[in-house]
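Reader: I have a model open and want to go through it piece by piece. Can we begin with the charged pairs?
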Amino acid sequence: MRKKSLLWTLAAMLMFSVVLAGCSGGSEDVKEGGEGKKELKVWLMGDTTDETLIKEYEEKNPGVKVSVQLIPWGSAHDKLLTAVASKSGPDVVQMGTTWIPEFAQAGALLDLTPYLEQYPSLKQENYFDGAIQTMSYDDKVVSIPWYVETRVLFYRTDILAEVGYPEGPKTWDEMKDAGEKLAARGNGNYAITIDAKDMNYLSMFAWQNGSDMIDENRKPHFNEPEFMGAMEYLKSFYDTGMTPLASDLDLFAAFKDGQFPMFISGPWMIQGVKDKAPEIEGKWATTTLPAKENNASFLGGANMSVFNTTKNAEEAVKFISFMSEKESQLTNYDVAKNLPAVKSAWEDQRFEDPIFATFGKQLENAKPVPFIKEWDAISKEAIAAFEKITVGGADIKTEMDLLNQKATEMLNKK
C-alpha cells in the first residue's frame, strides 16, 4: 500500500515538473557537457560496462557528450524512484522489463510513438514478438528492447542418448520418460534441477500447459486446470526422485559428473559450462524447451527508455535508435555477450554455433511475464505456494484457490 501511494505521489510531482519544463523553454536548458557540447545523461545497470558503443556514438555525434552512470541492479529500483521524485533523473535509462509498467503508470517514461517514423530502428516490427510486449503501456511506446535473454534446455548428449533421447526430449511426456530413466540410475543421480524459487521458471511450464496466469482484463487464473496441471507436472519430478527437494550440489560439477544431465537456464551458463567443465566438451548441447500445448519460454532482458523530465528528448531518442541498430546490437554482443533484441542480428554468422542458435530459435516462442506492476508481489505468493505443495505436501487445489484469492485482492486494490 505504501508503495502504491508513493507512486501516485511521484506521478503527481512528475506531471507538475513536466508542466514547468514546458514553460521554461527548449534546447537552451540542456546542460553543457564541455567544449560547448550537449550532455546526454545515461544510466546503465550493473557494476561495469564497455564504452565501445558510447565512444562510437560520440564520434558520430560530435556535438554530444554522453555521461554514463553505472547503477548496481540491487539499488537501481530505489534510485529510479528517487529520480522521479526529485526530477533529477537521466535522459536515457536502462530498465529491467518487469519494472516498466510501474514507472510507465507513474508517468515517468516519455511516449516514443511520435519518433517511430523518424527512427525506423525503433519500430516494433524489428523485434521478437515477446520483446514487443515489453514496449508499450496504455497504447504508448515507452521503451525499446536493448538486449534479450531466454531459457533453453541444457543437456548431456551422451547420457541422454543412453536413455533414448540423443537430441534431448521434445515433449513433456518425453522429458518425464527420460527423467524417470535417469533417476533410476540411483547413487545420487537425478534427471534435472528445478529452480522452484524463480517464478519465471514456473511461468514457463504454466504457459506450456495453456495458462495465461493473468489475462488482459487483470483476472488471475491460478486455480484453473491449466496452471494447476503445470504445478502437478513439476511436483511429479519431486515425488519420483527425478529432482531433489533441496540440493547443495554445484550445478556445473553436477552437470559434468552427470548427476544433473539436464537443466533449464539462460545464455550466461554457456561460458560457465565451457570454463568449469571442459572435460565434457562435445558431450553437451542446448535445445528448445519440451512442449505440451506449446514450448513457450520466458523472455527477459533490458530495455531503454527516456525519462519524461528530459530537456533533450531528441538526442535521447537518437541515442536509443543508435543502440538499436543491427551493428550496435552485434557490438553489444561482442563486448558484453548480451543477446540481440533485433531479429535481423541473428542472421549474422556469430550465431551459427548450434549452442547459441538454440536461443535465437527459442526467442521466436518466448514471452515476458504479465506486464503489470503487481507481478513481483504476486510472484512471491506463487513461489511460497509451490514450496508448500512440494516441500510441505499441501493440497494443490487448496493452495491455488488461496493464491488466486490473494492475486485478485492485489489486482483490485485501489
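Predicted model: local features only at pLDDT ≥ 70, side-chain atom pairs only at ≥ 80, totals over all residues.

Reader: How many salt bridges does a search of the whole structure find?
Author: The search finds 15 salt bridges. A salt bridge here is a side-chain nitrogen of Lys or Arg within 4 Å of a carboxyl oxygen of Asp or Glu.

Reader: What does K65 form a salt bridge with?
Author: K65 pairs with E58, and the closest N and O atoms are 3.8 Å apart. K65 is partly exposed, at 34% relative accessibility. For those words, buried means under 20% relative accessible area, exposed over 50%, and partly exposed in between (1.4 Å probe, protein chains only).

Reader: And D158, which side chain does that meet in a salt bridge?
Author: R156, at 2.9 Å from N to O. D158 counts as partly exposed because its relative accessibility is 26%. R156 counts as buried because its value is 6%.

Reader: What about R350?
Author: R350 forms a salt bridge with D348, with 2.8 Å between the closest N and O atoms. R350 is partly exposed at 31% relative accessibility, while D348 is buried at 18%.

Reader: Which residues are joined into one network by shared partners?
Author: E149, R151 and D198, through salt bridges that share partners.

Reader: Back to E58. Which residues of helix α2 are buried?
Author: In α2 (residues 52-60), they are L53, I54, Y57 and E58. Helices (H or I, at least four residues) and strands (E, at least two) are DSSP runs, numbered from the N terminus.

Reader: Why do they line one face of the helix?
Author: Seen down the axis of α2, the buried residues fall within an arc of 135 degrees, so they line one face. The arc is taken from the directions from the helix axis to the C-beta atoms. In general, an α-helix has 3.6 residues a turn, so residues three or four places apart point the same way.

Reader: What sits on the face turned away, and what does the buried side pack against?
Author: The face turned away from the buried side carries the exposed residues E59 and K60. The buried residues of α2 pack against β2 (64-71), α12 (313-323) and α13 (326-336). Contact means heavy atoms within 4.5 Å.

Reader: Now strand β3. Is it mostly covered or exposed?
Author: Mostly covered: five of the five residues in β3 (92-96) are buried. V92, Q94 and G96 point one way, V93 and M95 the other.

Reader: Which strands is it paired with?
Author: Strand β1 (residues 38-45) runs parallel to β3, joined by two bridges, and W43 has V93 as its bridge partner. Strand β11 (residues 297-306) pairs with β3 in the antiparallel sense over five bridges, with V92 partnered by V306. Pairing requires that DSSP finds at least two bridges between two strands.

Reader: Different topic. Where is S121 found?
Author: In the loop between α4 (100-105) and α5 (129-132). S121 is buried at 16% relative accessibility. Leaving aside residues up to four places away in sequence, S121 touches N126, Y127, S321, S324 and E325.

Key. Residues numbered from 1 in each chain as written. Heavy atoms only, no water.
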